[in-house]
Amino acid sequence: MSIFEIEIRKMEKDYAIQMGSSNLRFGPGVTREVGMDLVDMAIKRVLLMTDANLSDSFPVQTAIESLTKNGIEFEVFNKVRVEPTDISFKEAIAVAQEGEYEAFVAVGGGSTIDTAKAANLYVSYPNDFLAYVNAPIGQGKPVPGPVKPLIAIPTTAGTGSETTGVSIFDLTDRHVKTGIAHRYLKPTLALVDPENTRTMPPVVAASSGLDVLCHALESYTAKPFNQRPLPERPILRPAYQGSNPISDIWSLRAIELVSQYLIRAYQDPDDMEARSNMILASSMAGMGFGNAGVHLCHGMSYPVSGMVRDFYPDGIKTDHPLIPHGMSVVLNAPAVFRFTGSACPDRHLNAAKLMGANTSSIGDEIEDAGPLLANELIKIMQALDVPNGLSAIGFTEADIPALVEGTLPQHRVTKLSPREAKADDLAILFKDAMQWW
Ligand SMILES: NC(=O)c1ccc[n+]([C@@H]2O[C@H](COP(=O)([O-])OP(=O)(O)OC[C@H]3O[C@@H](n4cnc5c(N)ncnc54)[C@H](O)[C@@H]3O)[C@@H](O)[C@H]2O)c1
């Protein structure tokens, strides 16, 4: 092949999508089945991972009872850090390496499931910590092959981490979140049990539910898969491929469910119908964005989380300041959708309609769809008592250059924005996001 042909090939666009499917069981009480699943997989010894707040919780105790009843040998690692870091990942990896476990069981929110994915990866294929971390922050090496079995039991509704091949952490010395992403990291089985979210503190119900909404909105409005460059080999096709007709189905249904049930689930944890539909929406959005990707709301959230100073959210027991993940995402979202609206107005309009927007004011002015969607987001943020913009969680305009600098290397997600956001654009978006009402 001549250099000229190689250049042409590089400019070619992708023509295919690959749907990595998730093996998922949904239903109230399925946590009780985990021991039987491990027996059926011929697994005898596992590491059960969770965070300290959840150690004595109903979901963890139910999983432990099931392991015991089914004769599975296990140890519990309950030191997952809420909003994990490279340091906490390395601690978990070290424990996982010591015990010769055949498989992992993660019971918790995204922090726990992501920590279990990383522990599993480095136990299966030991390497320098940054080897598999997304480029340009890490070396971005693909995961070499299948990892050990991981059963994920989410307790938030949620990150959708039980369905994705993504593991996110905060790189401490750079004050920025990044991650590892590969299809091989997808959990072997997700046990999605609505009983497990009953005890979520309201701030977690709100922030994790808004994370679901942003997953769905971002994957639906992401740059289409056929505008990405064609990979050299099928294995190099990224997990986050851009919006595509299969992911759209999951994302659109998730937007509907969140719009219908999130406020109810937040206001009344005993509303089983609302809770069930929220955890279902979380997994559905996961199946959508796990293959399509997310874009600027998430890309901009990573430095917001990494630069936290002294924010301690009401209702979360924590020994370190933290901004709940979904909160760090949604606070950027109205600014992002105002900005991206012009790139695919029909999609922004459709999403706003699903959220219940009155579209009569739009008429033929479809370019107003971005602001319309942003307004729907602001309404739901107010109903869920979300802080009023980045300024309410400790940021000032003096932080904007650092926030922009932390967003620019998040290529895995920022490149999927339907409208390119350069440094100057990001600065305007962060300025917009300082206060919402
Ligand atoms: N892998 C992915 O695809 C993906 C996607 C989105 C977000 N994430 C990551 O996931 C993390 C956030 O996860 P999260 O929002 O699920 O929350 P989390 O795991 O960080 O937990 C938040 C808090 O809620 C508590 N909690 C969780 N479930 C509870 C329950 N049922 N009852 C009582 N307390 C409960 C935890 O102890 C913790 O204090 C972030 O690090 C984020 O970057 C990963």
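This note goes through a helix, a group of aromatic rings, some backbone angles and one arginine.

1. Basis of the note. The model is a predicted one, in which local features need pLDDT of at least 70 and side-chain atom pairs count only at pLDDT 80 or more, while totals for chains, interfaces and linings use all residues. Residues are numbered from 1 along each chain as its sequence is written, and side-chain values use heavy atoms, with hydrogens and water left out.

2. Helix α4 and its length. Helices (H or I, at least four residues) and strands (E, at least two) are DSSP runs that are numbered from the N terminus. Helix α4, residues 86-98, has 13 residues and spans 19 Å from its first C-alpha to its last, which is close to the expected 18 Å; the expected span is 1.5 Å times one less than the number of residues.

3. The buried side of α4. Asp86, Ser88, Phe89, Ala92, Ile93 and Ala96 are the buried residues of this helix, where buried means under 20% relative accessible area, exposed means over 50% and partly exposed lies in between, with a 1.4 Å probe and protein chains only. Because they cover an arc of only 160 degrees around the axis, they are on the same side of α4; the arc is taken from the directions from the helix axis to the C-beta atoms. These buried residues pack against β2 (45-51), β3 (73-80), β4 (103-108), α5 (110-124) and β6 (166-171), and contact here means heavy atoms within 4.5 Å.

4. After the helix comes Glu100, whose phi is positive, near 50 degrees, and Glu100 is exposed, with a relative accessible area of 68%.

5. Aromatic rings. Rings of Phe, Tyr and Trp (its six-membered ring) pair if their centres lie within 6.5 Å, and planes under 30 degrees apart count as stacked, over 60 as edge-to-face and the rest as tilted. By this rule there are 5 aromatic pairs. One of them joins Phe129 and Phe169 edge-to-face, at 5.2 Å centre to centre and with 70 degrees between the planes. Phe129 lies in the loop between α5 and β5 (150-154) and Phe169 in strand β6, so the pair ties together parts that are 40 residues apart in sequence. Phe129 counts as buried at 13% relative accessibility, as does Phe169 at 0%. Ring pairs link Phe89, Tyr122, Phe129, Tyr132 and Phe169 into a cluster.

6. Backbone angles to check. Most residues other than glycine have a negative phi, and most peptide bonds are trans. Glu83, in the loop between β3 and α4, has a positive phi near 60 degrees, and Glu83 counts as buried at 13% relative accessibility. The peptide bond from Ala135 to Pro136 is cis, with omega near 5 degrees, and Pro136 is placed in the loop between α5 and β5.

7. Arg228 and its surroundings. Which side chain makes a polar contact with the side chain of Arg228? It is that of Asp14, at 2.5 Å, where a polar contact is a pair of N or O atoms within 3.5 Å; within protein, one must be able to donate a hydrogen and the other to accept it, and residues adjacent in sequence count only if both atoms are side-chain atoms. The backbone oxygen of Gln241 lies 2.9 Å from a polar atom of the Arg228 side chain. Arg228 is buried, with a relative accessible area of 9%, and is found in the loop between α6 (202-221) and α7 (245-267).
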